[in-house]
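Reader: I am new to this structure and would like a close look at a single part of it. Please keep the answer plain and define the terms as they come up.

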Amino acid sequence: MHNQNRILRVFKLITLLKTFPAKTIKRLSQSLEISERSCYRYMDLLAELGFQVGKDQHNKFFLQDQVPYFDE
């Protein structure tokens with residue numbers, strides 16, 4: 001069950017980052033009910049998976065419009 005919660009959080013994070021407006025780490029972590037540090041870890045995971053997480057001039061995060069490339 002623990003892994004399922006992680007997977008759900010990753011999908012929720014993707015959804016949050018794709019919706020306008022961009023969001024702060026504080027807002028993202030509150031929405032996911034995790035610490036801000038854990039939120040950064042999840043975003044690092046997204047980057048490892050090929051997603052491009054952007055950050056605007058107000059330190060708000062968003063997911064750039066790009067489909068990740070998976071090397072087989």
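Leaving aside its neighbours within four places in sequence, which residues is Met43 in contact with?

Author: This is a predicted model, in which local features need pLDDT of at least 70 and side-chain atom pairs count only at pLDDT 80 or more, while totals for chains, interfaces and linings use all residues. Residues are numbered from 1 along each chain as its sequence is written, and side-chain values use heavy atoms, with hydrogens and water left out.

Apart from neighbours within four places in sequence, Met43 is in contact with Leu13, Leu17, Ile25, Leu28, Val53 and Phe61. Contact here means heavy atoms within 4.5 Å.

Met43 also belongs to the largest nonpolar core, which has 16 residues; Leu13, Leu17, Leu28, Met43 and Leu46 are those with the most contacts inside it. A nonpolar core is a set of buried Ala, Val, Leu, Ile, Met, Phe, Trp, Tyr and Cys residues joined through side-chain atoms within 4.5 Å. Buried means under 20% relative accessible area, exposed over 50%, and partly exposed in between, with a 1.4 Å probe and protein chains only. At least two residues of this core come from each of α1 (2–18), α2, α3 (36–48) and β2 (61–63). The most are given by α1, with five residues. Helices (H or I, at least four residues) and strands (E, at least two) are DSSP runs, numbered from the N terminus. In soluble globular proteins, nonpolar side chains tend to be buried together.

The axes of α1 and α3 are 11 Å apart, and the two helices pack at an angle of about 80°. That makes α1 roughly perpendicular to α3. Axes are lines fitted to C-alpha atoms, for helices over the stretch in contact, and angles run from 0 to 180 degrees between N-to-C directions. Angles under 35 degrees count as roughly parallel, over 145 as roughly antiparallel, 65 to 115 as roughly perpendicular and the rest as oblique. On the α1 side the contact is made by Arg6, Arg9, Val10, Leu13, Ile14 and Leu17, and on the α3 side by Tyr42, Met43, Leu45 and Leu46. By class, the contact of α1 with α3 has eight nonpolar, no polar and two charged residues. Ala, Val, Leu, Ile, Met, Phe, Trp, Tyr, Cys and Pro count as nonpolar, Asp, Glu, Lys and Arg as charged, and the others, Gly among them, as polar.

For α2 and α3, the packing angle is about 95° and the axes are 9 Å apart. These helices are therefore roughly perpendicular to each other. Here Glu36, Cys39, Tyr40 and Met43 in α3 meet Ile25, Lys26, Leu28, Ser29 and Leu32 in α2. The contact of α2 with α3 has six nonpolar, one polar and two charged residues by class.

Glu36 is partly exposed, with a relative accessible area of 40%. The C-alpha atoms of Glu36 and Lys26 are separated by 6.2 Å, though the residues are ten apart along the chain.

Phe61, a contact of Met43, counts as buried at 11% relative accessibility. The structure holds one aromatic pair. Its rings, those of Tyr40 and Phe61, have centres 6.3 Å apart and planes at 85°, so the pair is edge-to-face. Rings of Phe, Tyr and Trp (its six-membered ring) pair if their centres lie within 6.5 Å; planes under 30 degrees apart count as stacked, over 60 as edge-to-face and the rest as tilted. Tyr40 is partly exposed, with a relative accessible area of 34%.
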